[in-house]
Amino acid sequence: MKRWAGPIGIVLALLVLFYPLDYYISKPGGAYELSPIVEVENKDAGDTGELRLLTIALSKATPATYIYQSLKDPDHLMKANQIRREDEDDEAYEVRQLKLMSNSQLNAIQVAYDKTDEPYELINNGLFIYSVVKGSPADGTLRPGDRIQAIDGNADVSEQALQEFILTKEVGDTIQLSIDRDGEKRDVEITLGSIPEIPDRPAVGISYQQDQEITTEREVSFQSDEIGGPSAGLMFTLEIMNQLLEGDLTKGYSIAGTGEILADGRVGRIGGVDLKVVAAAEEGVDFMFAPDDEISEDLLATNPNLLSNYQAAIETKEELGLDIEIVPVKTIDDALDYLEKLPPKS
């Protein structure tokens, strides 16, 4: 038995150090300058300030890191279902995060080009599949990341069109979908079934969203493959505008920020704002934009301690004694108005 004690001890130590649990640990990430990440064709140059996006670092917990995090900072130790949706595995989560980033880039271009009166065109590319319900008719045939480009030969594909089409069918009917998977075109058949949430209706068993692309006369490119989620949208918008316009929106300041950008210019709520405040403060930026989202009474009734992103950012700043100014924004116009009133940095 003694001769096995060493190998068993090594195995146990490896499990404690490296075995992945169904928990995640979140920490402050980075504050990345946007000019190397976003580039507009024939951009205005010579700016003296900088715009920065903020990230959080997310890692799977092991038994060792779980114990350490539980003792040190349990608020940033989260169960997988607090990060991933119920029907998502790790792959589907990653696909969704990258798609959310892609959507934020499209919205940022649209809002920036609207604000600067630059021409653009939105093109419909069908439906993007976020996830596939396990055990559903689509399971094993469709994958997260697939794009539906035709339904029974009809290329006029939209969320409403698919919903209305499915309602004309019955459980057991077969439909044909033309999909794009990683650039490869293929046709698949789905025999409609039902899922527990809607047992009396035919269903495919997927979550999806309209997939669009935007074309512009002055091309915009992004180098952000390693970053997921929608939270860089506000800062993408400001960086694109700064490169489109003559002059310098930053006026020489180092500016960080976070917030989803919606197509109408509103700035949406994001996760992990407390960690992003820390990341911004560590970088020594002059100030940080934070979404000033409104919490509805219904949401407060079920989450009485829920704070807006701006409130949570201020609370983090005060609790940790951070030396950073936090600016609330509800829309892109709020950020632009603040920047316009700023005196140039001496």
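Leaving aside its neighbours within four places in sequence, which residues is Ile-240 in contact with? In this predicted model, Ile-240 touches Val-38, Val-40, Ala-108, Ile-109, Ala-112, Tyr-113, Val-220 and Phe-222.

Ile-240 is also one of the residues with the most contacts inside the largest nonpolar core, which has 39 residues. Leu-234, Phe-236, Leu-238 and Phe-289 are listed with it.

Another core, of 19 residues, lies apart from the 39-residue one. Among its members are Val-132, Leu-162, Val-204 and Ile-206. In soluble globular proteins, nonpolar side chains tend to be buried together.

Helix H9 covers residues 309-320. Its 12 residues should span 16 Å at 1.5 Å a residue, and its end C-alpha atoms are 16 Å apart, so the two values agree. The buried residues of H9 are Asn-309, Ala-312, Ala-313 and Thr-316. Seen down the helix axis, they fall within an arc of 100°, so they line one face of H9. Helix H7, strand E16 and strand E17 are included in what covers them. Just after H9, Gly-321 has a positive phi of about 65°.

Helix H7 spans residues 273-283 and contains Ala-279. Is Ala-279 buried or exposed? Ala-279 counts as buried because its relative accessibility is 3%. Beyond its neighbours within four places in sequence, Ala-279 contacts Pro-28, Gly-29, Gly-30, Ala-31, Leu-54 and Thr-55.

Note on methods:
Residues numbered from 1 in each chain as written. Predicted model: local features only at pLDDT ≥ 70, side-chain atom pairs only at ≥ 80, totals over all residues. Heavy atoms only, no water. Helix = DSSP H or I, 4+ residues; strand = E, 2+ residues; numbered from the N terminus. Buried < 20%, exposed > 50% of the residue type's maximum accessible area, 1.4 Å probe, protein only. Contact = heavy atoms within 4.5 Å. Expected span 1.5 Å × (residues − 1). Arc of directions from axis to C-beta. Core = buried A, V, L, I, M, F, W, Y, C linked by side-chain atoms within 4.5 Å.
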